[in-house]
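Open the model in a viewer and keep the selection tool at hand. The stops below say what to select and what is there.

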Amino acid sequence: MTTPAPLHRSAETQALLNPAFGAYLLAHSIYAGQSKKGRPMPWPSAFLVLPLVLPTKARNSLPGNSRVSLMAWADENPLQHAAFAERAVSLTSLTRMSLRMAMRHQAVEVTALGLRCPRKPKAAPGFGQEVAECVRAAALVGRWLAVTDPHRAYTALGVRP
């Protein structure tokens with residue numbers, strides 16, 4: 001059983017750790033990945049998205065494009081790599097809730113091959129720079145995960161599914 005989240009979280013933290021926002025980011029990530037490779041995102045890969053996107057330091061350390069591979073990024077960012085396992089564990093519940101919300105609202109579908117986004121997620125104009133940065137990061141991570149076997153991605157980040 002997990003401990004309830006503290007009630008003293010800032011408004012920004014509460015907004016970022018919202019299942020609706022997580023669903024929005026996962027849809028962007030899944031859509032970007034399937035657009036790159038033409039196939040659904042493997043289910044385990046979805047659990048890598050939010051820990052790479054939501055924490056500001058992790059998000060800011062991501063490259064501007066997907067020419068840098070996930071493995072190269074992990075090697076070049078040892079502090080983020082070292083902190084990833086703890087972040088991944090702490091965001092597992094949020095990822096599950098976000099996936100359920102995305103499926104409930106038909107933003108993400110489950111297929112025999114994995115998760116797919118049936119339509120391009122709508123842009124969120126007027127929600128500020130941080131939301132735009134999160135969406136950009138989610139799309140980048142989705143493109144990374146599209147070309148990286150889930151086992152290799154988990155290994156590169158120092159975690160197990």
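**Stop 1: helix 2 and helix 3**

Select helix 2 (residues 19–37) together with helix 3: the two pack at an angle of about 115 degrees, and their axes are 10 Å apart. Angles of 65 to 115 degrees count as roughly perpendicular, so helix 2 is roughly perpendicular to helix 3. The crossing of helix 2 with helix 3 is right-handed. To see the contact, show side chains for G22, L25, L26 and S29 on helix 2, and for A46, V49, L50 and V53 on helix 3. By class, this contact has six nonpolar, two polar and no charged residues. Keep in mind throughout that the model is predicted.

**Stop 2: helix 3 and helix 6**

The crossing of helix 3 and helix 6 is right-handed. Which residues meet here, in helix 3 and in helix 6? On helix 3, select L48, P51 and L52; on helix 6, select F84, R87 and A88. By class, the contact of helix 3 with helix 6 has five nonpolar, no polar and one charged residues.

**Stop 3: the aromatic pair**

Clear the selection and pick W73 and W144. The structure holds one aromatic pair. The ring centres of W73 and W144 are 6.0 Å apart and the planes lie at 45 degrees, so the pair is tilted. W73 sits in helix 5 (residues 70–76) and W144 in helix 8 (residues 129–146); they are 71 residues apart, and the pair links distant parts of the chain.

Now colour by accessibility. Are W73 and W144 buried or exposed? W73 has a relative accessible area of 1% and is buried. W144 also counts as buried, at 1% relative accessibility. The cut-off behind both calls is that buried means under 20% relative accessible area.

**Stop 4: Q106**

Move to the loop between helix 7 (92–104) and strand 1 (109–111), and select Q106 there. What is the phi of Q106? The value is near 55 degrees, which is positive, in a residue other than glycine. Most residues other than glycine have a negative phi. With a relative accessible area of 49%, Q106 is partly exposed.

Methods. Residues numbered from 1 in each chain as written. Predicted model: local features only at pLDDT ≥ 70, side-chain atom pairs only at ≥ 80, totals over all residues. Heavy atoms only, no water. Left-handed = near helix turned anticlockwise from the far one by under 90°. Helix = DSSP H or I, 4+ residues; strand = E, 2+ residues; numbered from the N terminus. Contact = heavy atoms within 4.5 Å. Nonpolar A, V, L, I, M, F, W, Y, C, P; charged D, E, K, R; others polar. Phe/Tyr/Trp six-rings, centres within 6.5 Å; stacked < 30°, edge-to-face > 60°. Buried < 20%, exposed > 50% of the residue type's maximum accessible area, 1.4 Å probe, protein only. Axes fitted to C-alpha atoms, helices over the stretch in contact; angles between N-to-C directions. Parallel < 35°, antiparallel > 145°, perpendicular 65-115°, else oblique.
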